[in-house]
Amino acid sequence: MPGVTGENMVMLLETRLDNVVYRLGLAQTRKQARQLVSHAHFLVNNKKVNIPSYRVKVGDVITVRDRSKDMEIFKSVKEEGPAQVIPKWVELNQESLSGKVLALPTSEDLDYELQYNLIVEFYSK
């Protein structure tokens, strides 16, 4: 993968729909977010998307589908708020169970330490 840096790779991973759902607090884990996306519980810009690796862009609006809003996970978010801190590059509308991508994430936005060389090495195989 010529020209791909660890930081670019992290941005690609962070902007996956399943990760954004997790970052918005609409799922408690990334694994749960992946499953919820796969089962078509979300709309992106009012279109059903069930591909966890779908890349979101700045300005995209992610919404819980109406038919899914009665699920316990989403009722909990609406009543009690998200399970984790929402990063500044996305915003959550708790009432409508929707979120918006405000900016692309940067390395400063990450809440974990990374070894970029290992990421590039892993995805270069």
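Trainee: What share of the contacts in the chain with a separation of 6 or more comes from residues 24 or more positions apart?

Mentor: This is a predicted model: local features need pLDDT of at least 70, side-chain atom pairs count only at pLDDT 80 or more, and totals for chains, interfaces and linings use all residues. Residues are numbered from 1 along each chain as its sequence is written, and side-chain values use heavy atoms, with hydrogens and water left out. A contact means heavy atoms within 4.5 Å. Among contacts with a separation of 6 or more, the share from residues 24 or more positions apart is 55%.

Trainee: Which pattern does the chain follow along the sequence?

Mentor: Helices (H or I, at least four residues) and strands (E, at least two) are DSSP runs, numbered from the N terminus. In sequence, the pattern is α-α-α-β-β-β-α-β-β-α.

Trainee: In what order do the strands lie in the open sheet?

Mentor: Strands pair if DSSP finds at least two bridges between them. β1 (residues 42–44) and β3 (residues 61–64) run antiparallel, joined by 3 bridges. β3 also pairs with β5 (residues 98–101), again antiparallel, over 3 bridges. The order of the 5 strands is β2-β1-β3-β5-β4.

Trainee: Which residue in β5 is the bridge partner of T63?

Mentor: Look across to β5. There, the partner of T63 is S98.

Trainee: What percentage of the 125 residues is buried?

Mentor: Buried means under 20% relative accessible area, exposed over 50%, and partly exposed in between (1.4 Å probe, protein chains only). Of the 125 residues, the buried share is 40%.
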